[in-house]
Amino acid sequence: MNRDLRREIEDFYYLEAELLDGRKLREWLELFTDDVHYWMPIRHNTFARPEELCEELSKPGESYYFNDDKETLRLRVERVYSKTAWAEMPPSRTRHFISNIRIKQDNGVEIDTHSNFLVYRTRMEKDRDVFVGTRQDVLRRVNGALKIARRTIILDQAVLDAKNISIFL
Amino acid sequence: MDIKSLIDPESGLIDRRIFADREIYDLELRQIFTRCWLYLGHESEVPNPGDFTAAYMGEEPVILWRDLSGRLGAYLNLCRHRGNQVCRADRGNAKLLTCSYHGWSYTCDGKLALVPMVDAFGGLDREKWGLIPVARIESYKGLIFATFDPQAPTLLKYLGDMAWYLDILLDRRDGGTEASGPHRWVVEANWKTAAENFGGDGYHITATHGSARELGIDTTSSKTRQWNKGCQIACGNGHILVSWITPPDDAGPWFAQPDERLLLYMKEHCAEIESRLGRVRARQIAPSAGTVFPNLSVHWLTRTIRVWHPRGPDKMEIWSWAIVDKAASPKIKDAMRFVSQYRFSPTGVFEQDDMDNWIHVTGAAKSLIAKRYPANYQMSGNEPPVALDLRGQAASRFSDHNQLNLYMHWAKTLEARSWDEITDKPHES
């Protein structure tokens, strides 16, 4: 695998984490292509075989945490700036840790990547949540720069141990 | 404890202890959650023989399981032998569930089918050691409820006038509805804070959800909002809802739709919808939110139903489903689910803003000083009465009529020894 590409992708994810943790959400939104699909399924415990983890995840036509395009993502971002989006007023403090980055496929146009995330959120006096999971992205080069064309976020928890997901994972 | 003294409808005061007191909570589990009809799931979640899904009745884990003849049953999720949980999956299909501890196995009609080394038990009567069933299980238009109390009235009698309003969500099209979900999440708030909020709190929308409206995301059409008429309705038996009244120049089942695609869909099918629901329910009202006592809430406009499972006096686990018309096209179903979950779910741009309110209301109920000061439920409303032929008792939309009705029924249920004392007399129409 091309070491320069690997480093570029790592840098891209670190930049993304910096924008999210620095609450520069409008800039963060620019990291996505205009045709992005931002998808986060819910999950259930099943009697599936160990390698059939995807059986736990909701599919298109079922429920989800996120099923956004650029416009509905934008509305989420703009809402946070409105000052009465109470879930984020006062705002959450997040720390995104991105690791285990794997380049799964590169066809010259789009690059499939997998990575793990650990997001630590604190807010107000005592709010404290840990979100752990994996991201499966399709990256595309637009005018030379990497952009996220598709993101699937898979949370490890089945029952969410948090009052909401008012941040971006 | 004198429960009725906690609720003072005359002066509109409620003792905060109801939101955090352990003794009251234990009484709720016993008097409400082992007696009332509780929501388990939707028939579309268990369509085939052997299908099961996990559920809760209060804090009791149960398995909703369809047997090979197609009959639905619900059983405590515990092995009769030592009490180990017999099913650890949230959903699936099984003719047989085997306990992981000693291997006792139960068939999908709840019967004990197999006991390893059964001879060593000296004549164990397997008939007597089946899974513990609920007392009764019944469905209303796809919604499956159960009760642990054999003395409970029928589900239809229990729902009373609320069933008439539930039809507006459940019975619009031939074939009924289907559910997707549930979202499940845990919130450090008393379950009643949510039941009360969904049951009639139109008052909080502007302050709590102003940010969504600012961006043009809403739960109903702009015409309906501009017309801005509505009412609270108390159906009896603690069931309450708040409803919009239709703007007359745009009367039809489409008028409250917050999404263009759904508006067109309703226009396309308005004849069928009106033939099923009748004029009042199809053209004159549009319920927004309500609560089926004790802990099932419904948001008609965005098609979500949810259960506020009690998890202690200061904690609940929310299970939430999106409900769509079965007869709709896949694209329309997707649009309905999106309208629902973009607004109401852990990521929902409406719902995420509710949580801190309920958490802090619960927190206040733990404060020694705050408990000296009752909570205010004195909003009596000043809108003119609605002149429509509605079921139940209508009141001003911006009032605490429904909330007090809920808490009076709650207090009555906590103290009542029998269903004769609990059940309200049916509404005469």
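Reader: Let me start with a detail. Which residue of β6(A) does A:Tyr38 stand opposite?

Author: A:Tyr38 stands opposite A:Arg151 there. Keep in mind that this is a predicted model.

Reader: OK, and in which sense do β1 and β6 of chain A pair, parallel or antiparallel?

Author: Parallel, over four bridges. Strand β1 of chain A covers residues 32-41, and strand β6 of chain A covers residues 145-155.

Reader: What about β1(A) and β2(A), parallel or antiparallel?

Author: Those two pair in the antiparallel sense, again with four bridges. A:Pro41 stands opposite A:Tyr64 of β2(A).

Reader: Let's zoom out. How many helices and strands are there in chain A?

Author: Three helices and six strands. Going along the sequence, the pattern reads α-α-β-β-α-β-β-β-β.

Reader: How much of the contacts in chain A comes from residues 24 or more positions apart?

Author: They account for 57% of the contacts with a separation of 6 or more.

Reader: Switching topic: how many residues does each chain put into the contact between A and B?

Author: Chain A gives 30 residues and chain B gives 33. On the chain A side, β2 (64-68) and α3 (70-80) each supply at least two residues. The largest share of that side is from α3(A), with five residues.

Reader: What classes of residue make up the side of chain A that touches chain B?

Author: It has 13 nonpolar, eleven polar and six charged residues.

Reader: Now chain B. Which domains does the assignment give?

Author: The domain assignment lists domain 1 (3-28 + 160-422) and domain 2 (38-138). Their centres, taken over C-alpha atoms, are separated by 33 Å.

Reader: How many residues does each domain of chain B bring to the contact between them?

Author: Domain 1 of chain B brings eight and domain 2 of chain B brings seven. On the domain 1 side, β13 (177-187) and β18 (304-310) of chain B supply at least two residues each, and β18(B) gives the most, three residues.

Reader: And the classes on that domain 1 side?

Author: Five nonpolar, one polar and two charged residues.

Methods. Residues are numbered from 1 along each chain as its sequence is written. Chains are lettered from A and ligands numbered from 1 in the order in which they are written. This is a predicted model: local features need pLDDT of at least 70, side-chain atom pairs count only at pLDDT 80 or more; totals for chains, interfaces and linings use all residues. Two residues are in contact if their C-beta atoms, placed from the backbone, lie within 7 Å. Ala, Val, Leu, Ile, Met, Phe, Trp, Tyr, Cys and Pro count as nonpolar, Asp, Glu, Lys and Arg as charged, and the others, Gly among them, as polar. Two strands pair if DSSP finds at least two bridges between them. Domain bounds come from an automatic or database domain assignment.
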